[in-house]
Amino acid sequence: MTAKSELMSRIGAFIADINRRPLDATVSRYTRRAIIDWFSCELPGIREAPATLLMETLADELDVGPCSLPGTGRRALPRAAALITGTASHIVEFDDIFRDGTYHPGCPVVAAVLAAAEARGKGGAAILKGVAAGYEVSTRISAAIQPAHARHWHTTGTVGCFGAAAGVAALIGLDATKAMHAVSTVGTFTASLQQAFMSESMSKPMHAGRAAEAGLLAAFAAEKGVTGAFDILEGPSGFGAATADGGRWHGAMDDLGQSWNIMRMTVKNHGCCGHSFPAIDGALALQAEHGLTPADIKAIRIGGYEPTVKLCGSVVEPRSSFEGKFSVRYCVAHALVYGSVRLDAYDGDHLANPDVLRIARATDVAVDAEAAAAFPKRRSALVTIETMDGRRLERRQLTRKGDPDAPLSDEEVSAKFLELAAPVIGEAEAARLLERLWSLDGEAMPLAA
């Protein structure tokens, strides 16, 4: 191997090696949590656009093939399944986050691995290894390119391609060289621009689905002998140079297989963009500490890091679910009135609630220097509430509930799943599926139809 391929050599060796020994029990548990959380997002998302529209678009690829579309009772060919379910899992904005990489790995990785597992007849143990491999490779790539990459690119759609390719390569048992070709080839498929969610559009969730489809295709093609450029990440015209001012590749994969990022995921506790979470948590903490009612609140000031302002700071009075999920003013106001931000936050009655709108209009959002300096390692906010009786209450929220330093328990992960899955597949089926997912090591496919 040349010096330029040392990075890819580590990736290939890790993917090939993951099938040679049992997955560590703790890593397995966290991987099961990730898959459960993916189903929490995919099941409600499969009933919403653009997933529903993709099923219409790909009608000739549905009701045939080996792969299920959970929540629909329908089947699909592998690439269509990866595309549709990957898209569905990113629609309701409840998917997991790798904080250091500004990245949602679950949507592309789990979608691709599950589609490939059904296509190849693989069971739960292979799925767990595939998902773990996809998370580990892609999260390290995401960390190496931030924060520069996040200026314009949507990491879930770009880096998600690498995660999906690595996950499928591990699942189908590619050797080190073919695994390297899979990950190298998919590097040329990476895209996904943030402009897609600067205004109302359906493109953003399709980024995750397209990444899942691209990764599956690259791995299946590498299995048949399709080759890629091993220096696609760090080469002079490679991924890092094109999207991230070069990237920080030295040491990026040194701990691969020794330290596990899948154990350091953020599991979302609110149904909106994660950049709003610190402000929501800080406002709720102030409300609880001081016994505030919505009528007590005169004005709010939110000091966040740049993406909080850039992605979530412009909309004051959302007119749609999309706008609501990307309005920190609305989400904070909704939390203070209703106590949470769940999927019903974006129905007509909630969007028009006069108490929510009054607080949202009285909320200001700006960059806070301390929060900006800590990003992306820490997602924080300075929340100040001015009350009607003249008090000025302030809290610096240093983390988000669900982050690795304030994690959701297994019981809370299960409760989130049941809350989001039961309306789609029924309480009994949701409970049955949850039990199977927690014991995934011994399960065969399909998991849900």
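A: A pocket here is an open set of grid points with protein on both sides within 12 Å along at least five of seven lines. Its volume is the space filled by probe spheres set on those points. The model is predicted.

Start with the second largest pocket. It holds about 250 Å³ of space. Its lining counts 15 residues. Nearest its centre lie Ala 49, Ile 91, Ser 201, Phe 322 and Lys 325. Two helices, H9 (203–224) and H13 (321–325), each give at least two residues to this lining. H13 has the largest share, with 3 residues. Phe 322 and Lys 325 fall within the range of H13. By class, the lining of the second largest pocket splits into 7 nonpolar, 3 polar and 5 charged residues.

Now the largest pocket. Its volume is about 400 Å³. Here 29 residues form the lining, and Thr 102, Ala 150, His 275, Pro 307 and Leu 311 are the closest to the centre. Helix H7 (155–171) supplies at least two lining residues, and so does helix H12 (306–312). The largest share, 4 residues, belongs to H12. Pro 307 and Leu 311 sit within the H12 range. The lining of the largest pocket has 13 nonpolar residues, alongside 8 polar and 8 charged ones.

Next, the helix packing. Two packed helices are described by the angle between their axes and the distance between the axes. Take H2 (residues 25–45) and H6 (residues 124–145). Their axes lie 10 Å apart, at an angle of about 85 degrees. Angles of 65 to 115 degrees count as roughly perpendicular, so H2 and H6 are roughly perpendicular to each other. From H2, the contact draws on Ser 28, Thr 31, Arg 32, Ala 34 and Ile 35. From H6, it draws on Ile 127, Leu 128, Val 131, Ala 132 and Tyr 135. By class, this contact has 7 nonpolar residues, 2 polar and 1 charged.

Then the sheet. It is open, has 4 strands and runs in the order E4-E3-E5-E6, with mixed pairing. E4 (363–367) and E6 (392–397) stand at the edges. Each has a single partner strand, so one side of each has no neighbour in the sheet. From one strand to the next, the twist averages 15 degrees.

Follow the pairings along that order. E4 and E3 are parallel, over 5 bridges. Within this pair, Gly 304 has Val 367 in E4 as its bridge partner. E3 and E5 run antiparallel, joined by 6 bridges. There, Ile 302 stands opposite Val 383 in E5. E5 (residues 381–387) and E6 are antiparallel as well, over 6 bridges. In that pair, Leu 382 faces Arg 396 in E6.

Note on methods: Residues numbered from 1 in each chain as written. Predicted model: local features only at pLDDT ≥ 70, side-chain atom pairs only at ≥ 80, totals over all residues. Heavy atoms only, no water. 1 Å grid on protein atoms, 1.4 Å probe; cavity = no way out; pocket = protein on both sides within 12 Å on 5 of 7 lines; lining within 4 Å. Nonpolar A, V, L, I, M, F, W, Y, C, P; charged D, E, K, R; others polar. Axes fitted to C-alpha atoms, helices over the stretch in contact; angles between N-to-C directions. Parallel < 35°, antiparallel > 145°, perpendicular 65-115°, else oblique. Contact = heavy atoms within 4.5 Å. Pairing = 2+ DSSP bridges.
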